[in-house]
Amino acid sequence: MSRPVDPEGLAARFIDLEKHETTHDRQVWGMRQNRDKAVADVPEWANLRELASQIKEHTLTHLDQYLEQFEQNATKHGTHVHWACDAEEHNTLVHDILQAHGVKSLIKSKSMLQEECGMTPYLQKRGIEVTESDLGERIQQLSNEPPSHIVVPAVHKLRSDVAAIFAKDIGTDPKDSDPHHLTEAMRQAARPRFMAADAGMTGANFAVAETGGFVVCTNEGNADMGASLPPLQIASIGVEKLIPRAQDLGVFIRMLSRSALGSPITQFTSHFHGPRRGGELHVVLVDNTRSERLGSADFWHALKCIRCGACMNTCPVYRRAGGLSYGATYSGPIGVILDPGFNLEKYREIPFHSSLCGSCSEVCPVKIDIADQIYKWRRVVAEKGLLKLSKKVGMSAIGVVLSQPKLFHAGESVVEQTLPHMPRFLLYNQLNPWGKHREVPAAPGQTFRQWYLKNRRKNP
Amino acid sequence: MSSRDIILASVRNNLPQPAVPLPENPEVQRSPHVGEPILAYFQRELEAMGGRSFEVADTTAAQAKVAELFPTAKVICSVVPEVPGTKQLEAALDPHDLNDVDVGVVRSRIGVAEAGAVWLTEADLVVNALGVLSQHLVVLLDPAAIVETMHDAYGQIDLTASSYGVFMAGPSATGDIEGVIIHGAQGARSMTVLLLAPKRFDG
C-alpha cells in the first residue's frame, strides 16, 4: 500500500514561509486577472469554449480512429511513430532510441508527460546528461524539485531563492537577485548545452490527425532551439493530445495562452511535420492510464485538458498552498482530478485539498466539470474505505447531528453561549486544523433560526 | 500483441458513449474588429508581445533601418534580397554555425493581427535555427499579408508543406522569476518587423 501524500502538512510548510505565500498568491492571481482581460477582448469567447469542448469530446469518442490517422500521416512525413502503454515503456523506448544514436547529452523543453513518466531520473541513472531548457523548469531541476505549476514551474520561488541556486550551479553572485541578471546568466550557461546536445526532446500541446504533425507552444523558443540544433528530435505525446484537423488549431491556439497568462498567443507556436532537413524525428504516443480513464463515465472529461493552468491560477487553495503541496506531478484543481487516477491510495488526500468553490470549472477553456469531479473523487475515496480517521469520525458525527433537527438546534445554542468564553487552547490546538492561521469570527447574538422565528414566522 | 495494438484495443473498449459529432466549421462567428485598421491592430498586438515594427518605404529605407537599429552588429545573416548580410546561408549549413549571428533577416508570408505574430517556415528560414539562434531577428512582412485571426491564418497555411513552421510573436520571453517579463530568455532578444512588400525582380 502506498503511503498517502499529506497535502495539509506540505501546505503548512509553504504557508509558514510567509513571504513566499504572499508573493505566490499575488503572482498567480495576477495571471488570473490577465486572463480575464484577454478573454474580455474576445467577444466570441463563449462560442470558442463550446467549440473547444465539442472538438475534444468528439476526438475522445473517436480516439482510436484519430490515433491511427495520425500515425499514418506522420509516417508519410518520415516521422518514426512509437507506442508506449505506460511510463516504463516510454522511458525504455526513449532510452533505446538515444542509445542507438550514441546520445550522451540531451536538451529538453518542458513536458508534463515526461515528468509524469519520471523520464529524467531514468535517463540520468543510465548515464545520459539531461538538461531542462525552460528557465523555470531548469530552476526546478537544479533544486531537485518537480514543477509546482504546469506553465510557470518555479512560480513558488522568490528571486532570492533563484539567486542562491544559480550561485551554486553557475557561479552567479549570490547577493544579486535581479531577475534580468539571473535570466541572462542562465541564457549564457544554456547556450553551450544547446550547442553540445546530441538530441533534443519536446512534449506536444496538440497532435493533428489530419496532417500527422504536432504543435509545441513555448515563450522562450527553447523547444525550437532543441529541435533545430541536434540531428535527433524525440517528442512524447499523450494519446489525449489528438485533435482532428489543422483548422481546429485556430480554436485552441486562440484559447491556450489567453487562459494561461493572458497573452493572445505564446511567443512561439511551433509546428513539426516530419524531421528537419538532415535530421530524424521520433514520436512516442503514450497511454499510461489514459485509455482506462476514457472508460470512466465520471472522469473521462478530464482528458480534454489542454494544460493551460487557468484552474490553478484561480484556485484559492492552490494560491495559498503552492503547487508542491499536492506532492504529485499535476497540482491545482486539474491535479486533484488527475492524480487519484494514477494512484488512488497514494493521492487519496488530494481530493480534499479543495474548497469546492467551483471557480476552476468557470475558467476552464474546454469546459471540464472540474469541481464536480473533485466531489466525485471524494466519494470514490470514501467508498473504497480510504478516508482518514479524523474525517471519518467528524463526518459520522455530522451525519448524526444533521439528521436530527433537535440535536442540531441544541448544539447551535450551546456553541452560541460557550464560544465567547472558550479558552483559546480549546479552539486553537493540534486537533483542529481549521484553527491554524484562522481566527473564529465573532458569533452573532442569535442563530439564524432564532432570527427567522422572530422576524418571518409572524409575517409570512 | 504489440503495444500499439494493446493501446488501440483498450481505447476502443473504453470509448465513451454516446459519440459526439465533430462541429462542422470551427471558424466561429466573430464580431468584426471595428474601429481599427488591421495594420494598426497588428502593430499594437506585436508591441504588447514585446516586438516592434516600422513601415519602410523601400529597400533602401529597410537597409537604413537595419543599420540604424543594429549599429554594432558584426554578423548579419540575411536570407532576403532586400537586405544584404555579411554571412551567407545555404540549406546545407550546419545549424551550429549560426551561433555567431548577431542579426538574422528573414521574410514572413503571413502576419496575424490578433496575435502580433508572423509565420515562418523552413523555406523562409533556410536553416530553422536562424530564427532562434540569432541574437536579434528582423522580419520583413508585406502589410497586405496580414490576416485578422488565427482562424484566418490556419485557413491559408498548408501545414504539411513544411517540416517546420512557427508563429513567432515578438522575441523570446520568460516570466519564470517572480513574474518579471524579460526578453531574450533563450531565443532572439528582439524581434523587429519591417513592413515592406516583396521586391519584384523583373527579368
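Two strands pair if DSSP finds at least two bridges between them. Strands (E, at least two residues) and helices (H or I, at least four) are DSSP runs, numbered from the N terminus. This is a predicted model, in which local features need pLDDT of at least 70, side-chain atom pairs count only at pLDDT 80 or more, and totals for chains, interfaces and linings use all residues. Residues are numbered from 1 along each chain as its sequence is written, while chains are lettered from A and ligands numbered from 1 in the order in which they are written.

**View 1. An open sheet in chain B.** Five strands line up in the order S1-S11-S6-S3-S2, with parallel pairing. The edge strands of chain B are S1 (52-55) and S2 (76-78), and each pairs on one side only. From one strand to the next, the twist averages 20° (angles run from 0 to 180 degrees between N-to-C directions, with axes as lines fitted to C-alpha atoms, for helices over the stretch in contact).

**View 2. Strands S1 and S11 of chain B.** S1(B) and S11 (residues 190-195) of chain B run parallel, joined by four bridges. Which residue stands opposite Ser53(B) in S11(B)? Val193(B) does. Helix H3 (residues 59-69) of chain B packs on the sheet. This helix touches S1, S3 (103-108), S6 (136-141) and S11 of chain B. Its direction makes about 160° with that of S11(B).

**View 3. Two crossing helices in chain A.** The axes of H8 (residues 135-143) and H9 (residues 159-170) of chain A come within 10 Å and cross at roughly 70°. H8(A) is therefore roughly perpendicular to H9(A) (65 to 115 degrees). Ile139(A), Leu142(A) and Ser143(A) of H8(A) meet Val162(A), Ile165(A) and Asp169(A) of H9(A) in the contact (C-beta atoms, placed from the backbone, within 7 Å). These residues divide into four nonpolar, one polar and one charged. Here Ala, Val, Leu, Ile, Met, Phe, Trp, Tyr, Cys and Pro count as nonpolar, Asp, Glu, Lys and Arg as charged, and the others, Gly among them, as polar.

**View 4. Where chain A touches chain B.** The contact takes 79 residues from chain A and 67 residues from chain B. On the side of chain A, helix H3 (residues 45-60) gives the most, with eight residues. That side divides into 35 nonpolar, 30 polar and 14 charged residues.

**View 5. Strands paired across the two chains.** Strand S9 (residues 268-272) of chain A and strand S8 (residues 164-168) of chain B run antiparallel, joined by five bridges. His271(A) stands opposite Gly165(B) in S8(B).

Technical notes:
Two residues are in contact if their C-beta atoms, placed from the backbone, lie within 7 Å. Angles under 35 degrees count as roughly parallel, over 145 as roughly antiparallel, 65 to 115 as roughly perpendicular and the rest as oblique.
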